[in-house]
Amino acid sequence: NPPVDIVESKDDYRLDFDLPGFGKEDVKVTVAEGVLTVSGERKREHDYDEEYFRYFERAQGDFSRAFKLPDFVDGDKIEAEYTNGVISLTLPKKEEAKPFSIEIK
């Protein structure tokens, strides 16, 4: 599974997934029944049937990471960006979940 950083601000959560070697077309982000899922597949770049090789360390195959979304995340407004092998998701909080000040009278 790819590593992920999760950072909370007053307005949203941000999830950054390290996915070196993946293109944005290799990754799928879905939300269903309150669960955010990031999945993808890495395939070998070459067919090694005829070549001599010794060792493969880079993983290949499918991955999937799932996160239960809190009720105060606005799932309809989640945004995803891909830059240099990092998928960044922004999960905005609903207005009623954001901190606010109360004036003392």
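This is a predicted model: local features need pLDDT of at least 70, side-chain atom pairs count only at pLDDT 80 or more; totals for chains, interfaces and linings use all residues.

Mentor: Residues are numbered from 1 along each chain as its sequence is written, and side-chain values use heavy atoms, with hydrogens and water left out.

Trainee: Is Asp74 buried or exposed?

Mentor: Asp74 sits in the loop between β5 (61-68) and β6 (79-83). The relative accessible area of Asp74 is 17%. Buried means under 20%, exposed over 50%, and partly exposed in between, using a 1.4 Å probe and protein chains only. Asp74 is therefore buried.

Trainee: Which residues does Asp74 touch, not counting those up to four places away in sequence?

Mentor: Contact means heavy atoms within 4.5 Å. With residues up to four places away left out, Asp74 touches Pro92 and Lys94.

Trainee: How far apart in space are Arg14 and Ser88, C-alpha to C-alpha?

Mentor: Arg14 belongs to strand β2 (residues 12-18); strands are DSSP runs of E, at least two residues, numbered from the N terminus. Leaving aside neighbours within four places in sequence, the contacts of Arg14 include Ser88. The two are 74 residues apart in sequence, while their C-alpha to C-alpha distance is 6.8 Å.

Trainee: What is the relative accessible area of Glu41?

Mentor: Glu41 is part of strand β4 (residues 35-42). This residue counts as partly exposed, because its relative accessible area is 37%.

Methods:
Helices (H or I, at least four residues) and strands (E, at least two) are DSSP runs, numbered from the N terminus.
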